[in-house]
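Please open the structure in your viewer and keep the selection tool at hand.

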Amino acid sequence: MDHKYIYASLTRISDLAEKGFETKALPRKKWETGDYVVSEIVNEGGESLQIELPNGRMRGVIAGERIVGALGERFATLEATGSWRNVADDFKMTVLTGAGLMGKLTSKSMFIPKMIQVIYRGHAFRNGEKLTMNDFVETIPDIPYNTPIVLFVGTSMSAGKTTSARIVTNIFKQAGYTVVGAKLSGAGRFKDILAFKDVGADTILDFVDVGLPSSICPKEIYQEKFQQMLNRMAQVKADIAIVEIGASPLEPYNGDIAIDGLRDHIKCTVLSASDPYAVYGLMKAFDIVPDIVTGVASNTLGGVHMVEKLCGVKALNLIDSTTTNELKKILTVKTGLSLKPK
């Protein structure tokens, strides 16, 4: 392991740390999404300034250290937006997610802590060629996909999707089923799919595994990457797939394409919502009628009653263990898989 750099979790699909590389600065016209780059931290360290390592652990940073991450884009409605395309002549950038997503910050919520500021020092090179995430991705031949899906969508980021998906994954594992957990859109963070693994998912994957630092990319590229994710899921031969669509399908992460591609296999849809009106809006925008609404909108009886009155769908606070039996009944009916302990 080369300790000259901090390897962010977007490098987890590569062998950069094991086999090394050269660093060479490139003009911006030769930059592309998914390029592996080296950037130097320029702001002082602090408790909020941390990088997610390839194993998912968080590491604090200090000025002068160099991070290996990847160029990408983020467009989070509640936290921050930015893109490598906006980098100016001074080559200053921001670490847009803890996974090492590199780009120029264009806006940030006043409610989130300061972010790591860096300056571009060069691209990772081997044998005279720049290294990209795609260089470390194996193409899997198309495989018919037949695994039933429990789909988790949200009205925004931080609405409770990953927590809900973790709870449902645990329920299926406790019942003895083979589970594949997948996050098919969003901005790269390893912690989300690791949450599935922590409760027993047999296999986990996300868009990083197919070479995307975030799923903001042209639709035709995402279509190809989406098929590759399906192929990887199909290889598992799982009893059930727990699938999360990161952020909201209304944000530019191509979540709408993922939902359309999964429709024939979705047995149950769980919508994590920030409020009842957001539930109504997403249902209308994507022609989705969720089987369960959870998240912030279900935190109180007032929210539950509003969801059921306004939208005509069931609201359950999945974090509340008193709802578990009802959740199991719904999942059993929808998926056809018995959730009595085996």
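A residue is called buried when its relative accessible area is under 20%, and exposed when this value is over 50%. The model on display is predicted.

Begin by selecting helix α7, residues 301-311. Which residues of α7 are buried? They are Gly303, Val304, Val307 and Cys311. Now turn the view to look down the axis of α7: the buried residues fall within an arc of 100°, so they line one face of the helix. Next, select Leu301, His305 and Lys309, which are exposed on the other side of α7.

Return to the buried residues of α7 and display what they pack against: α6 and β18, the latter being residues 292-294.

Select helix α6, residues 276-286, together with α7. Two packed helices are described by the angle and the distance between their axes. Here the axes come within 9 Å and cross at roughly 30°. Because angles under 35 degrees count as roughly parallel, α6 is roughly parallel to α7. The crossing of α6 with α7 is right-handed.

To examine the contact itself, show these side chains:

- From α6, select Pro276, Tyr277, Val279, Tyr280 and Met283.
- From α7, select Gly303, Met306, Val307, Leu310 and Cys311.

How many residues of this contact are nonpolar, polar and charged? Nine are nonpolar, one is polar and none is charged.

Finally, move to glycine 312, which follows α7. The phi of this glycine is positive, near 70°.

Note on methods: Residues numbered from 1 in each chain as written. Predicted model: local features only at pLDDT ≥ 70, side-chain atom pairs only at ≥ 80, totals over all residues. Heavy atoms only, no water. Axes fitted to C-alpha atoms, helices over the stretch in contact; angles between N-to-C directions. Helix = DSSP H or I, 4+ residues; strand = E, 2+ residues; numbered from the N terminus. Parallel < 35°, antiparallel > 145°, perpendicular 65-115°, else oblique. Left-handed = near helix turned anticlockwise from the far one by under 90°. Contact = heavy atoms within 4.5 Å. Nonpolar A, V, L, I, M, F, W, Y, C, P; charged D, E, K, R; others polar. Buried < 20%, exposed > 50% of the residue type's maximum accessible area, 1.4 Å probe, protein only. Arc of directions from axis to C-beta.
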